[in-house]
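Me: Please take a close look at one single part of this model. Then show me the rest of the chain around that part.

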Amino acid sequence: MQAIWGIDLGGTKIEGVVLPADWQRDLENWKPIARLRIDTEASQGYMHILHQIRKLLDRLQQETGLKPTRLGIGTPGTLDPVTGLMKNSNTVCLNGQPLKKDLEGLLQIPVTMANDANCFALAESRLGRVAQEKLHPEVVFGVIMGTGVGGGLVVRNQLINGAQGIAGEWGHNFLDESGGPCYCGKKGCVETVISGPALERYYASLTGEQVKLKTIVQRFHQQEIAAIQTIERLLENFGKALSVVINIVDPDVIVLGGGLANIDLLYTEGLQRIRKYVFNNRLDTRVYPPALGDSAGVFGAAMLVSE
């Protein structure tokens, strides 16, 4: 059986999938051949992560009786195309490491890598929301809004990485000084204003109470003033930040992912805020929730080697 293999490397878990190589022939009825997760155990260091990836591949081989000939992997951060070293990863032990080279040496197969948000965008374009809506867009922008804020850009069904490997990274554009310092070294990044933790910090600054964003949304619907202020901060800055992306890239479709993609207001009032700031007298860009949930990253990783 012909198959493609993908790994989604996360800070807490590593997920692997084996897909039939002909998955595109029947988008509605295909199923993964196998899919497994194990803990990353990132606290044990860089080399341990590499061996966890090999352990997961070994288990997938045992389950399927198949052997990978190449591997797609989605990573936190990105592989610098000039130096070959990882950068911008919140799994900090990966930064500065030749992850691709080391994995190819350990596994003895070619490895293709992309940022996890890029993998999300690719999966939602080829298999998820865009494919299911039977759209044929030229440009798709995939958004991750959760613990962090990231994005991926797909043009004519092909992933765009960029000269520096940072295409789609709207989360580290400047948005507002009130966001405060960002781990990237700048201040006021999109991620410091509208990520889940950033909104939780803002709510705590108003109330002195640390609660999860899900609770804040519930309190918004109960008309609590601090929750209204917090969600208003999200909506207004969501509109500002995404309008910049639309002004530059002008995507046909945006697919939202991550925990904040479950907030229904983003698809109603959020669109009104984008319309308010975009450089046009209307908003033609379609904005959708994801179709693949947390499956998108690992499917997109496999698709890196599906051509």
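Reply: Start with Ser89. Ser89 is buried, with a relative accessible area of 2%. Buried means under 20% relative accessible area, exposed means over 50%, and partly exposed is in between, with a 1.4 Å probe and protein chains only. This is a predicted model, where local features need pLDDT of at least 70, side-chain atom pairs count only at pLDDT 80 or more, and totals for chains, interfaces and linings use all residues. Residues are numbered from 1 along each chain as its sequence is written, and side-chain values use heavy atoms, with hydrogens and water left out.

Where does Ser89 lie? Ser89 sits in the loop between strand S6 (86–87) and helix H2 (99–107). Helices (H or I, at least four residues) and strands (E, at least two) are DSSP runs, numbered from the N terminus. A polar atom of the Ser89 side chain lies 3.0 Å from the backbone nitrogen of Thr91. Set aside the neighbours within four places in sequence. Ser89 is then in contact (heavy atoms within 4.5 Å) with Pro76, Gly77, Leu94 and Asn95.

Now move to a sheet. It is open, has 5 strands, and runs in the order S10-S9-S8-S11-S12 with mixed pairing. Two strands pair if DSSP finds at least two bridges between them. Strand S10 (158–160) and strand S12 (286–288) are at the edges; each has a single partner strand, so one side of each is left without a neighbour in the sheet. From one strand to the next, the twist averages 25 degrees. Strand S9 (residues 149–155) pairs with S10 in the antiparallel sense, over 3 bridges. There, Val155 of the chain stands opposite Gln158 in S10.

Helix H3 (residues 116–126) packs on this sheet. Helix H3 touches strand S8 (139–145), S9, S10 and strand S11 (253–257). The direction of H3 makes about 45 degrees with that of S9. Axes are lines fitted to C-alpha atoms, for helices over the stretch in contact, and angles run from 0 to 180 degrees between N-to-C directions.

Finally, the whole chain. It has 10 helices and 12 strands. Its radius of gyration, taken over C-alpha atoms, is 20 Å, close to the 19 Å that the globule rule (2.2 Å times the number of residues to the power 0.38) gives for 307 residues, so the chain is as compact as a globular protein of that length. The C-alpha trace spans about 55 × 45 × 40 Å along its principal axes. Of the 307 residues, 53% count as buried.

Note on methods: Polar contact = N/O pair within 3.5 Å; in protein donor to acceptor, adjacent residues only side chain to side chain.
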